[in-house]
Amino acid sequence: MELGLKFGTNANIMQIDDEDDAGEDGLSSTASISSSILEYRRLQGRTYHSDKFASTYFLPNDQQQMDSIDMSHHYLTILLNGRLYLAPLEQNKTLRVLDVGTGTGIWAIEFADQFPDAEVTGTDISPCQPRWAPPNVRFEIDDATANWTWGSENFDFIHIRYLFGAIRDWNALFQEAYRCCRPGGWVQSGECDVEFRSDDGTTELEPVLKTYKDLFQEGGKAMNVSFFVQELQQKAFDEAGFVEQKSARYKIPIGGWPKDPQLAEIGRVVRATLENDLEGYTLFMWQDVLKRPRDEYAVWLSSLRKAIRNPKVHSYMVVHYVYGRKPE
Ligand SMILES: C[S@@+](CC[C@H](N)C(=O)[O-])C[C@H]1O[C@@H](n2cnc3c(N)ncnc32)[C@H](O)[C@@H]1O
């Protein structure tokens, strides 16, 4: 069966593997690590970043969520055919690279391994990066929503990925990225929409899937931050002044339902990523932000888990990448 929805120039048509149905189920941004940054907030056994920062972020920073971050990195790398970036970087040059909101630092570490001469800095509001890292990587505590402390024209490449739900002002984010990028350097951004979609209507078999989107829509309003950022991302990127822009929209399947083996592999990892920490993705929104009834949470979570495993549902989410160059 062919699903014919195309996105821009990057046609991403997914065919369903019918056989699969049978079986599978402050003001300045940089801070040294002071003890207040290590004072994590706690919610039902999960830990979240310290409230030292002006911004509030919805994902936990504990091992369970970090595993999901690493799994996301894995499927995104398969999605880009093994590449860590799309921008046409100069290979024979010592690159100064910034990875904003680096999470576990997995992208920064792999980039540093691939470019041993590069100097890579990963920043985050949670000090959850490993102590061991290649010698050309360093991690810093940095709130990307505050004014960046980096000097202007400091980096050859700035990489920003999966900050949906973290950024109120996307214009300000890309303005800072533009300022800190050297003329001729590149900035790349990749974001996912947290909505289960299908082209054959099969998401309607599991109405709970829509309530996942509703949770982030309502929660986002209450937090004054968007979880559906792809238009904002593109507009802010345009307005910052980048040239030679390219953008690409990809469907990432949830589950191994596509016929195409690469997409099926991506789908299996996407589903495993979600299943690994459905609680981490939703607990803060449900309980802290929207204050929904606690006793309904476990039931909702288990019906969501069941829906994600339903092999008759051919769902996917959309990832949007954009990259561009600062004019010389
Ligand atoms: C979903 S993870 C993505 C991690 C990494 N970019 C990746 O794609 O593998 C989002 C990360 O952004 C960080 N973050 C959230 N708000 C931030 C902010 N205001 N400044 C810097 N990092 C932030 C979180 O702590 C988390 O580690």
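Student: Which residues in α5 meet which residues in α8?

Tutor: Residues are numbered from 1 along each chain as its sequence is written. The model is a predicted one, in which local features need pLDDT of at least 70 and side-chain atom pairs count only at pLDDT 80 or more, while totals for chains, interfaces and linings use all residues. Two residues are in contact if their C-beta atoms, placed from the backbone, lie within 7 Å; here Leu215, Phe216, Gly219, Ala222 and Met223 of α5 meet Thr282, Met285, Trp286 and Val289 of α8. These residues divide into seven nonpolar, two polar and no charged, where Ala, Val, Leu, Ile, Met, Phe, Trp, Tyr, Cys and Pro count as nonpolar, Asp, Glu, Lys and Arg as charged, and the others, Gly among them, as polar.

Student: Why are α5 and α8 called oblique to each other?

Tutor: Angles under 35 degrees count as roughly parallel, over 145 as roughly antiparallel, 65 to 115 as roughly perpendicular and the rest as oblique. The axes of α5 (residues 208–223) and α8 (residues 278–289) come within 10 Å and cross at roughly 55 degrees, and the two helices are therefore oblique.

Student: Which residues of α4 are buried, and what covers them?

Tutor: A residue is buried if 20 or more other C-beta atoms, placed from the backbone, lie within 10 Å of its own. In α4 (residues 170–180), that holds for Trp170, Leu173, Phe174, Glu176, Ala177, Tyr178 and Cys180, and their cover includes β9 (155–161), β10 (181–197) and α6 (230–240).

Methods
Axes fitted to C-alpha atoms, helices over the stretch in contact; angles between N-to-C directions. Helix = DSSP H or I, 4+ residues; strand = E, 2+ residues; numbered from the N terminus. Buried ≥ 20, exposed ≤ 12 C-beta atoms within 10 Å, placed from the backbone.
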